[in-house]
Amino acid sequence: MGNSKTSVTVPSVISDFKEITKMRLALSVVFSSLAGYLLGVETVDFKTLVLLALGGYFMVGASNAFNQIIEKDLDALMDRTKNRPIPAGRMSVTTAFIIASVFTVLGIIILYTINKQTAMFGAISIFLYTCVYTPLKTKTPLAVFVGAIPGAIPFMLGWVAATDDFGIEPGTLFALQFFWQFPHFWAIGWFLFEDYKKGGFFMLPTGKQDKGTAVQTIMYTIWTLLVSIIPVFGFTGSLKLSIVAAILVFILGLGMLYFAIRLFKEMTEKAAKQLMLASVSYITLVQIVYVIDKFIR
């Protein structure tokens, strides 16, 4: 027999599964959910913690799989996505759809076992990401605004999972991650501008790598910084932050702001990439500071 065109091995199947669900992104989202849970809970229930992690991963994985099904033709046009399982021909649309559908059902069921509100917000997240954000990406820069909503839900979702309540506390966590996403995604949209253009994606607020985009990036970074320290003033119910923690969070915010201002000054892809990396470090460290501060306060 002649050599087959495509060699299917266990490692390649695992690799494609990780790619179709965007495992690294999904795990970062799960991390946000767990941080939100630890902030909201009085006594940690490890069963709930595991269910939240699994349910969260399934929901994010489903969103990413549906996204890649919808954008398969556009992904084939861009360098960063043309080797994804579907456009590269390693996975059929049917297989990806089955994965996405099974993940959706499992995710909702698992989150429902925690409480109804957690399942509801999880379902809202996958609907907005798949049915609203994804189609809008080729039509308007406002897609980033829409995408920031499901992107901000995980941090809030953890609190809702812990308390079965939505109020000022999870609302504040939502606001923090909501505003953070603008400089984060605009930085990505900046250094991948030419590649995104091949797929017809509109990611930057002005549609260009210009001062207008850079100024808005700075503005939203400042909003992120301000929202992050609100809990220190006692306005956010049981979500509190000590003065020391608030100072640490503020310093982290200044670090991210430094890179946003640097993008304004240099207007380069290198500066945008540095801002993106700084933003990832920022949101992770802020969540860690919040959680540590709660348990040592």
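**A walk through a predicted helical model**

F295 has a relative accessibility of 47%, so this residue counts as partly exposed.

From the surface we can turn to the interior. In soluble globular proteins, nonpolar side chains tend to be buried together. In this model the largest nonpolar core has 53 residues, and those that touch the most other members are L39, L173, L176, Y196, V249, Y282 and Y290. The elements that supply two or more residues to this core are α2 (23-40), α6 (116-136), α7 (143-163), α8 (168-191), α9 (193-199), α10 (211-228), α11 (243-266) and α12 (269-296). Which of these elements gives the most to the core? The answer is α8, which contributes 12 residues. Apart from this core lies another one, made of 33 residues, and among them are Y37, L52, Y57 and A100.

If its neighbours within four places in sequence are left aside, Y196 is in contact with M78, R80, I188, G189, F201 and M203. When residues up to four places away in sequence are not counted, D195 touches M78, D79 and R80.

A pair of aromatic rings is described by the distance of the centres and the angle of the planes. The count for this model comes to 19 aromatic pairs. One of them is formed by F58 and F103, whose rings lie 4.7 Å apart from centre to centre with 75° between the planes, an arrangement that is edge-to-face. Elsewhere, F145, F174, F178, F179, F182, W186, Y220 and W223 form one aromatic cluster.

Charged residues bring a further kind of link. Side chains of opposite charge can pair when their charged atoms come close. The structure holds nine salt bridges, and one of them joins E19 to R84, with the closest N and O atoms 3.9 Å apart. Because E19 lies in helix α1 (residues 10-20) and R84 in the loop between α4 (72-75) and α5, this pair ties together parts that are 65 residues apart in sequence. E19 has a relative accessibility of 34% and therefore counts as partly exposed, whereas R84, at 6%, counts as buried. R84 also forms a salt bridge with D75, and here the closest N and O atoms are 3.1 Å apart. D75 is buried as well, with a relative accessible area of 1%.

Another salt bridge is the one in which the side chains of E71 and K137 meet, at 3.0 Å from N to O. This pair, too, links distant parts of the chain, with E71 in the loop between α3 and α4 and K137 in the loop between α6 and α7, 66 residues apart. E71 counts as buried at 3% relative accessibility, and K137 counts as buried at 6%.

Most residues other than glycine have a negative phi, and most peptide bonds are trans. K22, found in the loop between α1 and α2, has a positive phi, near 50°. M267 lies in the loop between α11 and α12, and its phi is also positive, near 55°. With a relative accessible area of 25%, M267 is partly exposed.

Technical notes. Residues are numbered from 1 along each chain as its sequence is written. This is a predicted model: local features need pLDDT of at least 70, side-chain atom pairs count only at pLDDT 80 or more; totals for chains, interfaces and linings use all residues. Side-chain values use heavy atoms; hydrogens and water are left out. A nonpolar core is a set of buried Ala, Val, Leu, Ile, Met, Phe, Trp, Tyr and Cys residues joined through side-chain atoms within 4.5 Å. Buried means under 20% relative accessible area, exposed over 50%, partly exposed in between (1.4 Å probe, protein chains only). Helices (H or I, at least four residues) and strands (E, at least two) are DSSP runs, numbered from the N terminus. Contact means heavy atoms within 4.5 Å. Rings of Phe, Tyr and Trp (its six-membered ring) pair if their centres lie within 6.5 Å; planes under 30 degrees apart count as stacked, over 60 as edge-to-face and the rest as tilted. A salt bridge is a side-chain nitrogen of Lys or Arg within 4 Å of a carboxyl oxygen of Asp or Glu.
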